[in-house]
Amino acid sequence: MTNPQAVTQPARDQYARPLITALLGGCAVALLLGLYAKLHHPTRYALDIGGFSSPLYAKAWLTTIAAGFAVIQLGTGYRLTRRSAAPAWMATLHRWSGRIAVLLTVPVVIHCVYALGFGTYSVRVLAHSVLGCVFYGAFVAKMLSLMRRDTMPQWVMPVLGGVVFVSLIALWATSSLWLFATHGAHS
Amino acid sequence: MIRRGPLITLAAVVVLAGIFLWANTLVPKSEGSAEGTPSPSAAASAAAAASPAATTTVAHALFAGRGSGDQAVVVIEINGPKAAAEVTADRHLRVDLQGSVHGSQLTLTAPNGTGLTGTVSGPDVFGTITGFRGQSFPFSAETEAVRAVYAGRSSGNEVALAVNTDGGKATAYVCNGKTLEAWLQGSVRDNQVTLAGRNGASLTGTLSGLAMFGTVTPKAGVSFPFSAELAPRPAGVFQARLAVNRLATRIGWVVLPDGTQLGVAASGTTSGPAPALDLGDDSFALNGASFTAAPVDGNDTVVSP
C-alpha cells in the first residue's frame, strides 16, 4: 500500500531554486528598466497612436483599459485559488485578461521611458517611475515562476499576482487618474 | 514539468516592446514636444519618414574650440536637427563637415573621410575628430554668443513658454492662452538660467544638451516644472503694444516649434486670449484693423524696472 503523501511531498520541496531564479530575474528587469530610463536622454517625443487628442490621452486610455482587464484577472485569480470551484474557462479568462492587459501597457511604457525617462521632479512622477519598474519586474517574476507552477507553493501566485495588480493600479492612479482629474476625462 | 505558456507571453511582450522601440528610432526628432501635442496622423507619416525632417530656419547655436593638443581649431554650428562644422589647421588646411544632431549627440562627416562626433553638454561640446591629417584627437568647444530660442510646455501642459537667450542675457514669456501670463527677464550663466518678472514671477532652468529643464512660476504661488527645446523659427516670443479703446494694451505670444501659438492680451486691467498671429508676416487683426507684432530677443527689456 503506498502512501500518496510520501510521493507528493518531495516534489514540493524543490521550488526554492526556481522561485529564487524567478524573483532575481524580476529584480534584474526592474533594475535594468530603471537604469535605462534614467540614463537614456529623453527625446520628449515618441511615436504616438492616432485617434486621441494627444499622446498623453492615448496613454491614459490604454492604461485605463489595461487596468480594467487587470481587475478581471484579479477576480478570476481569486476564484482560481479556490480550485474546486473554478470551471476550466476561468483559468483561460485569467490568462488572457492578463495577457491583453500587459500587452496594452507596452506602447505606453515605451513612450514613457523613451520620451520622458525616469522622472524625479515631483512625488507623483517619482512614484510612477518606481512603480513602472516594480510592475514589469513582478510580471517577469510571475511568468518565470509560472513555468514551474506545479512545484510552487500555494502562496507564490497570489503574492506575485497581488504585486502585479497593485502596482498596475497605482501606475494608473499616478498617471491616468491624475490626468483625468486635472484635465478632464475625454479622449 | 515546465509550462511554455508563460514563456510565450513573456516573449510576446518583449517582441512588441522591441517593435515599438524600433519604430521610435525612425521618428524624426525635430517634431516638437511630446506631452499634450495633438498629432493624430503623425504616427503614419512619422513611421514612413526614415530620415529627420528638414526644418526651415535657424536657432543659432555656435560653438568654437580647439583640439586638445592644439592640432586644429573647430567651429560647430547647429541649426535645428542639422549641424555643420569647420576644422582648420595652420590657416590653409580646412575641412568642412556636415551632419546631424540626435538628442545631444553630434555626428558629422566630410567627403575626405574626416569625422566628428561629440556631445552637447550645456554650453560646451566635447568629442573626437578622426581622420584629420591622418590623426584622431579629442576636442572641446564652448558657446559663442549664443542667440537661441528654447520653447516648450510645463509638464502638465498648464502653460506654454519660450525663452530667448543672447549671450548672457535672456528674456521669456509664459502664458496659458487665457488670462495667466508673465514677462520675464534675467541672465544665463554657464548653464543656469535665472529670470524674474512682476508679481513674484520667476523662471529657473538648467541647459542640458539642446534642452532646458526647470521650474516656471507665472505668479507667486503657482509653479510648474517644464521642459523646453532649442527650437528653430517660427518658435519664439512675439510682442505688440498698442492702444485699444484708448487703453494701453500689451499682447504677448508664445509660438512653439510645431507652430502652435498661445497668447494673452492685457488691456488696462483685464486679460484675455490674444488674437491669432500670422506666422508668415507677424501680423494680427484686432477690432478690424491689422497690426504687426515684433519678435522678442534675449537682449530686449520686457520687464520695466
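Colleague: Is A:T81 exposed, partly exposed or buried?
Modeller: With 13 C-beta neighbours inside 10 Å, A:T81 counts as partly exposed; a residue is buried with 20 or more other C-beta atoms within 10 Å of its own, exposed with 12 or fewer and partly exposed in between, C-beta atoms being placed from the backbone. This is a predicted model, where local features need pLDDT of at least 70, side-chain atom pairs count only at pLDDT 80 or more, and totals for chains, interfaces and linings use all residues. Residues are numbered from 1 along each chain as its sequence is written, while chains are lettered from A and ligands numbered from 1 in the order in which they are written.
Colleague: Where does A:T81 sit?
Modeller: A:T81 belongs to helix α3 (residues 55-81) of chain A, helices being DSSP runs of H or I with at least four residues, and strands runs of E with at least two, numbered from the N terminus. A:T81 and A:M157 are 76 residues apart in sequence, yet their C-alpha atoms are 9.0 Å apart in space.
Colleague: How do α3(A) and α6(A) cross?
Modeller: The axes of α3(A) and helix α6 (residues 156-183) of chain A come within 9 Å and cross at roughly 150 degrees, where axes are lines fitted to C-alpha atoms, for helices over the stretch in contact, and angles run from 0 to 180 degrees between N-to-C directions. The two helices, α3(A) and α6(A), are therefore roughly antiparallel; that term covers angles over 145 degrees, with under 35 as roughly parallel, 65 to 115 as roughly perpendicular and the rest as oblique.
Colleague: Which residues of α3(A) and α6(A) meet?
Modeller: Among them are A:L74, A:G77 and A:T81 in α3(A), and A:P158, A:G161 and A:F165 in α6(A), contact meaning C-beta atoms, placed from the backbone, within 7 Å.
Colleague: Switching topic, how close do the axes of α5(A) and α1(B) come?
Modeller: Helix α5 (residues 123-146) of chain A and helix α1 (residues 5-25) of chain B have axes that come within 7 Å and cross at roughly 150 degrees, which makes α5(A) roughly antiparallel to α1(B). On the chain A side the contact is made by A:V140, A:M143 and A:L146, and on the chain B side by B:P6, B:T9 and B:L10.
Colleague: And where is confidence lowest in chain A?
Modeller: Confidence is lowest in helix α1 (residues 4-12) of chain A, at a mean pLDDT of 51, and highest in α5(A), at 94, pLDDT being the predictor's confidence in each residue, from 0 to 100. Where pLDDT is low, the predicted coordinates should not be read in detail.

Definitions and conventions:
Two residues are in contact if their C-beta atoms, placed from the backbone, lie within 7 Å.
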